[in-house]
Amino acid sequence: MDKPPVKMMDPTLAEMGNHLSGAMKILESGKLESEQGKERRKLSWKDIPGPLQGDGQDVVSILQLVQNLMHGDDDQQGHRRMQYVGEQGHMALLGHSLAAYISVLERERLRKLTTRILSDTTLWLCRLFRYENGSAYYHEDDREGLLKVCRLVINAHYEEYATEGFTVLSSKHPVIYQSAACRPGLGQHLCSQLGLPLSSLCIVPCNTMFGSLHQMDVALLDKLIKDDRESGKVPLLLIANAGTPGAGHTDKLSRLKELCVQYNMWLHVEGVNLATLALGQISSTVTAATKCDSMTLTPGPWLGLPAVPAVTLYRHEDPALSLTAGLTSSQPVEKLRALPLWLSLQYLGHDGIVERIKHASQLSQQLLEHLKTLASIKTSDILDSEVSLLEALRMDVVSHSRVPPISGGSLRDVLGSLILSIVEDELNSPVVVFRFSQDNSAPSSGGSVEGYFAGERDIIDALNRWLGEQLAQQVPLSGVDVVELEDEGTCVRFSPLMTAAALGTQENDVAALVEKLGEMIPVLCCTLRFRQDFKDEVLQQASLSYIEDLSWPGLGVVRYEPRNTDLDEDKRQQRVEKINSELLNKLMELDTDLEFSCGPEFCEETNCIFIGMATEDLDVSELVETIGSVGRDIEESGKLFENMTEVVRRGIQEAELQLQKANEEKLIEEGVLRQIPLVGSVLNWFSPVQASVKGRTFNLAEGCLDSTEPVYSIKAQMNTEASPDSPKSSTKRFPGQKLFRRHGAGSDSISDTSSVSQLEDSFRETAQVQQVTDVEEAEVPQENPAHIPEDTASSDQRVPEGQETESVDNLR
C-alpha cells in the first residue's frame, strides 16, 4: 500500500519553530553579553535611548538582553530561579507565537481556523473532565470566568437589566453566596467589578459541629437563603469549592446542587480537586461537580503548561445572553486564546494528561501514608475531630427534610455510610495539610484548638512556620509551602497538582521530605520542652531579662540589662545596645550548635538576643549562666574603656601634684646646701643621705595613685604560698565537645573546665592587654617629662597574685 504523500511545511512555521527553539536555548543558557556587543553600544548616539540606537538590534542581541534581565543576579549567586520548561511547555509557548502569526490571515480563513480550534478544545476539555454539553470561556485571570458567569446570571434573572441597568437591582437586591473557606478577596472582587454593594455578598460559615472545618454549612446556608427570600432579596449564585484553597477539602456538592435547584440559584464550583475528574476512579464528592452550572479549571499548573489560560465550563441555552455577558465573542482574534491549550493537549494526549494528574495524586497518598506513622504530626484527618456524631447527625436530619426519621436499625446504616464518605473524602484529596503538635493528645489540624493554653497556639504556629520554611528550603522539589488556616493555625501544605508538573517532583523527593521531617521533629519537641526551662533560668539571673516573643520559632529571647542605673534613659539605651551587640558577637563565635541572631528583620523588640532551635542534650542552665557571665565581663570592660580618657587625665594631674610634693619633702629633708651642684656633691661625699624611696602605682579603675608597699609585701609571701587555684568549672566537658551540652544526653565529649570559666579567663586577659595598651598610648604633659621617677610608674590593672613583679616591671 502506498504511503500518503507528505505535505511540505509552511517555511514560515518552520522558521518560527526554529526561532523559538533558538530563543529558548539562549534564554536558558545563562551566557553573558559578548564584549563585541558592549563595544557596539558604547559607540552609539547619546541622545537616543540605548536599545533604539543605530540601525536596530539583531534577534540574538535582543534575546541576550532578555536573558540578562532574567538571570543576571542569579548567575552571580550561582543558582537559577526559573523553573524547568519541558517539551509540553515549549508547545504552549509556540502557541502564543502562532496566535500572533495566525491573526494576520484573511478574515474568512481566520474565522474558520479559530472556530475549529475553539470547538476542538472545548470538546476535549468537556470529555476529559466529564462535563457534558458544556461551553467554554478562556481567560487569563482565573477570576474572570466567574465574573462573566455572574453577569450571565444577572441578565437571566433581571430581564430589563440590559436596558435599565442597576436601577433594576435596587428593588430586589441580588445575593451572591460563598463559603468562608473560599480564597480571600474573591467576593469583594466580584462586587467591585459588577458594581454591587458589599451587602450583596453573603459569607456562609463552615461546619462547626460535624465534618470538615472547611466544608460549607449546608443547614445554615438553607436558613440564610430563606431569610433573604423573605426580606425581598434574590438569591443569585452560590460559589462552592472542590478543593478549598487552604486545606483542599470539598464541599457537599450534591446537597448544594439540590438547594440551588430548589431556590433557582446558579452553582459555580472551583478548586484543585476538579483535576481528578480526568481520572478513572473519582470520589463521589468530586463527581457531583459534573452536575454544577459552571466550573473553573486551571490546566496550566496541573499539567505544567506555562502561560496557558484558565477555562470556565458552563451550561446555558441562550447564546444571546452568553454574548451579552461576554462569555462568547464575535472577534476571531479573541478565540485564539485557546490555541496554546489546543497544541498542548494534542502533544500530551489522553494518557499523558491522565498520567500527570495521577502521578500528583499518588504523591499525595504516599506522603499521607508516611505522615500517619510520624509522632507529633497531625494531618487534616477529620476523623480525629472531637465531635458528637449523634448530635451532628440529629442536626443534619432536622435541616434536611428529605431524610426520614432515624430508627434504631437505620442508625448504624446512616452512620456507616457517613463515616465511609468522610474516609473517602480524606483519602482522595490531592492536597495534604499537616501540622506539628506537641503530643498525641493535642488537637489535630482538623480539630479544635480550644485545648491550648494562652500563648501556646502562637508558639506552635511559629514552630510550624519554621518547619515549613526549612522543608521548602532543604527539599525544594517537594513544593511545600506554609498556609495560614483560620481554625487550625499555621500548617504545612503539600499540593503536587499545583507544583509537581512544573518542579518535576518524584517519589524520591517525597521520601526525602519525610526523612527531613523525621529529623526535625525531635528538634521541635526539644525546643518546645526547653522554652519554659529557659524562661525560668533567665528570670533567676538579675542581669538578664526575658523577652516574651511568641512568634519566635526558637528557644527564646533574652536581653542583658546593665546594673548601673545612674545614667539617663538615652545613655542607658546606648549602653544596652552596645553591650547586647557585643554579647551577640561573642556568642556567635562560640563552638556550639545553637544559633544566635538579632531576630527577624521587622521585629518590635530591639537590642535582644534571639536563640534558635534546641537539641536533646542542651544544658539550659549552662547556657543562661554563660550569657550572664559574658555580659558582665563586657559591661565591666566597657566601663573602663568608656572612662579611660577622663581617668588618665585626672590621674596625670594627681601624679604631678604627688611629684611636686615629693620634691618639696626631698628639699626639706636634704637641705638647701645639698641642692647646690658643687657643694651638694661634697656634702654627700662626707655625709651620705639615706633617702627612702616611695613607690607609686596608677590604678586606672579608680583613677588614683596608690602606694607600692602592698605589692612588695605580697611579693614577699609568694615564695612560700602556693599559686591560687583557677576558677572551678560548673560543668566538665571532654576535649572537643561543643558548649552547652549535657553529659549522658548524646554529647560527644567532655572537657575539664566549663565554658563559663574559660570565657571569664579569656575576657580578663583581653581586658588586661587592652588596658595596658591604652595607658602606654595616653598623652603625658610635656612640661615635666623627666621628673617622673621610676617608682611612680603607673599601672592600669589590678595585678593578680603571683604576677605583681612582672606586671610592675613591664609598666615601668
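Buried means under 20% relative accessible area, exposed means over 50%, and partly exposed lies in between, with a 1.4 Å probe and protein chains only. This is a predicted model, in which local features need pLDDT of at least 70 and side-chain atom pairs count only at pLDDT 80 or more, while totals for chains, interfaces and linings use all residues. Residues are numbered from 1 along each chain as its sequence is written, and side-chain values use heavy atoms, with hydrogens and water left out.

**Whole chain**

Start with the protein chain in cartoon view. The chain has 28 helices and 17 strands; helices (H or I, at least four residues) and strands (E, at least two) are DSSP runs numbered from the N terminus. Of its 812 residues, 45% are buried. Contact means heavy atoms within 4.5 Å. Among contacts in the chain with a separation of 6 or more, 71% are between residues 24 or more positions apart.

**Helices α5 and α16**

Select residues 107-128 for helix α5 and residues 339-372 for helix α16. Their axes come within 10 Å and cross at roughly 35°. Axes here are lines fitted to C-alpha atoms, for helices over the stretch in contact, and angles run from 0 to 180 degrees between N-to-C directions. The crossing of α5 and α16 is left-handed, that is, the near helix is turned anticlockwise from the far one by less than a right angle.

Now show side chains. From α5, the contact uses Ile117, Asp120, Thr121, Trp124, Leu125 and Leu128; from α16, it uses Leu339, Leu341, Trp342, Leu345, Gln346, His350 and Ile353. By class, the contact has nine nonpolar, three polar and one charged residues (Ala, Val, Leu, Ile, Met, Phe, Trp, Tyr, Cys and Pro count as nonpolar, Asp, Glu, Lys and Arg as charged, and the others, Gly among them, as polar).

**Just past α5**

Go to arginine 130, in the loop between α5 and β1 (135-139). Phi of this arginine is near 60°, a positive value in a residue other than glycine. Arginine 130 is partly exposed, at 36% relative accessibility.

**Strand β3**

Select residues 201-204, strand β3, and pick out isoleucine 203. Isoleucine 203 is partly exposed, with a relative accessible area of 41%. Leaving aside neighbours within four places in sequence, isoleucine 203 is in contact with Gln178, Ser179 and Ala180. The C-alpha atoms of isoleucine 203 and serine 179 are 5.8 Å apart, although 24 residues separate the two along the chain.

**Helix α11 and the cysteines**

Move to helix α11, residues 253-262, where Leu253, Arg255, Leu256, Lys257, Leu259 and Cys260 are buried. Just after α11, asparagine 264 takes a positive phi of about 55°.

Next, select the cysteine sulfurs. How many disulfides does a search of the whole structure find? The search finds zero, a disulfide being a pair of cysteine sulfur atoms within 2.5 Å. For cysteine 182, the nearest cysteine sulfur is that of cysteine 206, 8.3 Å away. Cysteine 182 is buried, with a relative accessible area of 8%. For cysteine 260, the nearest cysteine sulfur is that of cysteine 292, 9.7 Å away. Cysteine 260 has 2% relative accessibility, so it counts as buried.

**Last stop**

Finish at asparagine 607, in the loop between β14 (596-597) and β15 (609-611). Asparagine 607 has a positive phi of about 55° although it is not a glycine. At 21% relative accessibility, asparagine 607 counts as partly exposed.
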